[in-house]
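I opened the model to look up a few things and kept notes as I went.

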Amino acid sequence: MRLKDELPVDHHLAAVYRWGAALCGCILLVFGCLGFADALSPFDTSGERIAGMTTNTALSVISVVVGLVLLAGAVVGGNAASTLNMAVGGSFLISGFYHLFVLDRPANFLDFGMTNVMFSFVMGLLILTFGMYGRVSGRLPHDNPYWRRRHPRRAAEESLARRRAAAALARDGRAAPASLPGTSPARRSRS
């Protein structure tokens, strides 16, 4: 069984992944389009400023492409958006470190300044946080598909206990109680 099949379509994590990708994608798309609107030269390193950061056409192209990729991830949603957010966020962090070392050198072909480096770190951490939300934590709820994947034996025991309790209640003709073992209030409200 694959993890992408375990995340329900209406799971609250899917909304976080979608909105995170969409928000960050829109920010990058706007930055890239502003760079194009200023009619910059492709690899100019003279320090043209857009929204407080130096840019050139190559950086604008990269910003637009990454923004569109994040927006596509938001449309797809689910685990694909989460994985995409983690990959793009990690790439932003690596880019920030790379450009920190090449400031004021010929290898700085994207014309990064210190504000660009800081933006790259902040945006990378933001996108990475959206991608890792609900996946990497010590206190995931038991209805979380990532918790269930990491603790298959306990998840199976809880699922069996829920089924047995529901079957016993059905035999007795009573309504299900507000709290069955291993269920969260959010999951009960969707049932």
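The model is predicted, so I took local features only at pLDDT of at least 70 and side-chain atom pairs only at pLDDT 80 or more, while totals for chains, interfaces and linings use all residues. Residues are numbered from 1 along each chain as its sequence is written, and side-chain values use heavy atoms, with hydrogens and water left out.

Helix 4. I took helices as DSSP runs of H or I, at least four residues, numbered from the N terminus. Helix 4 covers residues 78-101, and its 24 residues should span 34 Å at 1.5 Å a residue; the expected span is 1.5 Å times one less than the number of residues. The end C-alpha atoms are 36 Å apart, which agrees. I then listed its buried residues (under 20% relative accessible area, 1.4 Å probe, protein chains only; exposed is over 50%, partly exposed in between). Among them are Ala81, Asn85, Val88, Phe92 and His99.

Cysteines. I looked for disulfides, meaning pairs of cysteine sulfur atoms within 2.5 Å, and counted zero. The sulfur of Cys24 is 9.4 Å from that of Cys26, its closest, so the two are too far apart for a bond. Cys24 is buried at 0% relative accessible area, whereas Cys26 is partly exposed at 40%.

Surface patch. Phe97, Leu100, Phe101, Met114 and Met118 form a nonpolar patch with about 510 Å² of accessible area together. Patch residues have over 30% relative accessible area and no salt bridge, and nonpolar side chains (Val, Leu, Ile, Met, Phe, Trp, Tyr) are joined within 5 Å; a salt bridge is a side-chain nitrogen of Lys or Arg within 4 Å of a carboxyl oxygen of Asp or Glu. Areas come from the Shrake-Rupley method with a 1.4 Å probe. Helix 4 gives the most, three residues. Phe97, in helix 4, is partly exposed at 46%.

Note on methods. Helix = DSSP H or I, 4+ residues; strand = E, 2+ residues; numbered from the N terminus. Patch = residues over 30% accessible without salt bridge, like charges linked within 9 Å, V, L, I, M, F, W, Y side chains within 5 Å.
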